[in-house]
Amino acid sequence: MVKKRNPLTIFLTHFILCLASLIVLLPLIWLFTTSFKTKMELFANPYKLLPENLIFENFTKAWAYAPFGDYYLNTIITTFGLLVIQLVTVTLSAYAFGRLNFPGKNFLFILFLTQLMITPQSTIFPNYLLISKMHLLDTRIGMMLPYVASAMGTFLLRQAFMSIPSSLEDAGKLDGCNTLQLIWNVFIPQIKTSMLAFSVISVTYHWNEFLWPLLVTETAKSRPLTVGLTVFAQQAEGGAEWGLLMAATLIVSLPLLIAFTFFQKMFVQAFLSSGMKG
């Protein structure tokens, strides 16, 4: 028998959730409305939330003021290029740890997972020395190289590989599939949800990454959006161009906001189906 919930409890729950959502969204709303205000309007009434008129001049000025086109190109190439490389490396390593038997497999897997216990900040200095000796500073490859392997992605996909019945693998072998054909034709169709979950994590992390690109990039030819926005902010703050700064921030964050808005259910379902429930 299903117990009916108290209407007052339902109301209070929804009220608290709506209030919490409003508090979380308030900075984003302020960012959005400020980007459409003129400098005069901002200083005349800084606490007024809605602009008198929608002014798109801040966006055109911000785009022309800094090479955001180059920043976008660098971010897209490094983020999605790295995702493709990671999907290859984590799929192969996850298959090895999840489906193959070899001496020392469990020890090597635990050793591999120690990457999850090491903070990225602690590896910045040795990574920087290595990239510098390889003459890859201020390059897209230099930004991508430390992240070509992912312990978290390997762990996630290993769990998915282990959940696949052995009968599917045996059927593929009877059809004459070699190892790569088994992975491509048999296993990958079964672990698409886990791969999507990892893709969401990878793209979000590397799109927003700041510290490592800040250290290894020097010019606009390799700077991603996060570093480019910081350079832009330092210049805009000198003239108190808050409207331009908010417009530039919206330009940087808009793709992820749009993606999350349209694909929110798919993202949540991917995490739930892959077992990552927090």
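I started with the largest cavity and looked up who lines it: α4 gives the largest share, three residues. My model is a predicted one, where local features need pLDDT of at least 70, side-chain atom pairs count only at pLDDT 80 or more, and totals for chains, interfaces and linings use all residues. Residues are numbered from 1 along each chain as its sequence is written, and side-chain values use heavy atoms, with hydrogens and water left out.

Points are joined across faces, edges and corners, and the volume is the space filled by probe spheres set on them. Helices are DSSP runs (H or I, at least four residues), strands are runs of E (at least two), and both are numbered from the N terminus.

How many cavities of 30 Å³ or more are there? I get one. The largest cavity holds about 90 Å³ of space. Its lining includes Thr 78, Leu 82, Met 143, Tyr 147 and Glu 209. I sorted the lining by class and found six nonpolar, three polar and one charged residues. For this, Ala, Val, Leu, Ile, Met, Phe, Trp, Tyr, Cys and Pro count as nonpolar, Asp, Glu, Lys and Arg as charged, and the others, Gly among them, as polar.

Next I zoomed out. The protein chain has 14 helices and zero strands. Its radius of gyration (over C-alpha atoms) is 24 Å, well over the 19 Å from the globule rule (2.2 Å times the number of residues to the power 0.38) for 278 residues, so the chain is more spread out than a compact globule. The C-alpha trace spans about 75 × 70 × 35 Å along its principal axes.

Last, I checked backbone angles. Most residues other than glycine have a negative phi. His 135 has a positive phi, near 60 degrees, and sits in the loop between α6 (124–133) and α7 (140–144). Asp 138, in the loop between α6 and α7, also has a positive phi, about 60 degrees. Which is buried and which is exposed? His 135 is exposed, at 71% relative accessible area, whereas Asp 138 is buried, at 9%.

Conventions:
Buried means under 20% relative accessible area, exposed over 50%, partly exposed in between (1.4 Å probe, protein chains only). On a 1 Å grid over the protein atoms alone, a cavity is a set of points where a 1.4 Å probe fits but cannot get out, and a pocket is an open set with protein on both sides within 12 Å along at least five of seven lines; lining residues have an atom within 4 Å of a point.
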